[in-house]
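Here are a few friendly notes to keep beside you on a first look. Please open the sequence and the structure, and then read the points in order.

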Amino acid sequence: NKVLYSKMSFFDRTPVGRIINRYSEDFFKVDDDLPFNLHILSGCIFVVASYFLGMVIMIPWFIPAIFVGSIIVNHYQNRFRRANRDVQRLLLVNNSSFTNHIAEAIKGIRTIRAFKQEGTFLQEFEKTLNNVIGAGFVSQAMSFWVNYRVAIIGYLMLFTILVICCVTVVFDYILDYTKISLSITYILMGLWVFESIVTSISSLEKNFLSVERINQYFSNETEQIDEKASFKLPSIGNSDDIVAFQNVYFSYDTKRPSGGEGNVKYALKDITFNIKRGEKIAVCGRTGSG
């Protein structure tokens, strides 16, 4: 209802592709991807916690290595998450522009062919497609960046734990070798799941951006459709002119742009004409000019 009853200014400044993208891709991520990522993340957290807890119970000397490794991973993850959110926003915006371009081309295909502008629209299509692919490539590269560092830190933790195990064996600090072998098994299995936690957290944050985008439309100003006009039409008399426009400027913007009068988006700009009895007219212009 917030979108259907939004004011005309909303549709005047919002491309159709952006609205379609909110109702398709963003809703799919909220309904399907977000619950799946939550399920995977919760399962990985429980598995890693059980592995590391079992290691610490059997050999408490592993605590410093696990603690230091977790701090380093958290540092890299925080750097990655800030940039990842911005890149995901850029990707969603580019997807909206791409969808809007396709929708406009399909709607106006006859006009495009009539004026022989297929090449212009093809160039614009390639430009918007390159923007989408570029943002997706950057997102994938950043994921590789953080996964590579998490893997290196995990293997350093594994090497440190192996050194601790060798020291305990050489100096006979622990006589139960089954605990050592079981701990090494736990760390090998836990590192693989630990990388999945980092990936799941980044995917979860990207999908929460769709929730943020959908929530923006809940603040749309709506038309008061129940209100009735309180004015009366003036008497026409015997004049043949029913409607007269003289230097009419009209805009759906309720707030003046910060850039001044020159940045106002007019649906009608300096229009002057008269409409007589029985005449049929057509208004051709940007969205909302009718």
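**Notes for a first look**

1. Let's begin with Y5, which, leaving aside its neighbours within four places in sequence, is in contact with E221, T222, E223 and I225. Please keep in mind that this is a predicted model. Y5 and I225 are 220 residues apart along the chain, yet their C-alpha atoms are separated by 8.2 Å. You will find Y5 in the segment before α1 (8-13). Its relative accessibility is 38%, so Y5 counts as partly exposed, between the limits of 20% and 50%.

2. Next, have a look at the largest nonpolar core, which has 32 residues. Those that touch the most other members are F52, M55, F62, I161 and I187. At least two residues of this core come from each of α2 (16-58), α3 (63-107), α5 (118-170) and α6 (177-216). The largest share, nine residues, is supplied by α5.

3. Not counting residues up to four places away in sequence, I161 touches M55, F62, A65 and I187.

4. Now follow α2 along its length.

5. Which of the two, C44 or C166, is buried and which partly exposed? C44 is buried, at 11% relative accessible area, while C166 is partly exposed, at 48%. A search of the whole structure finds zero disulfides.

Methods:
Residues numbered from 1 in each chain as written. Predicted model: local features only at pLDDT ≥ 70, side-chain atom pairs only at ≥ 80, totals over all residues. Heavy atoms only, no water. Core = buried A, V, L, I, M, F, W, Y, C linked by side-chain atoms within 4.5 Å. Buried < 20%, exposed > 50% of the residue type's maximum accessible area, 1.4 Å probe, protein only. Helix = DSSP H or I, 4+ residues; strand = E, 2+ residues; numbered from the N terminus. Contact = heavy atoms within 4.5 Å. Disulfide = S-S within 2.5 Å.
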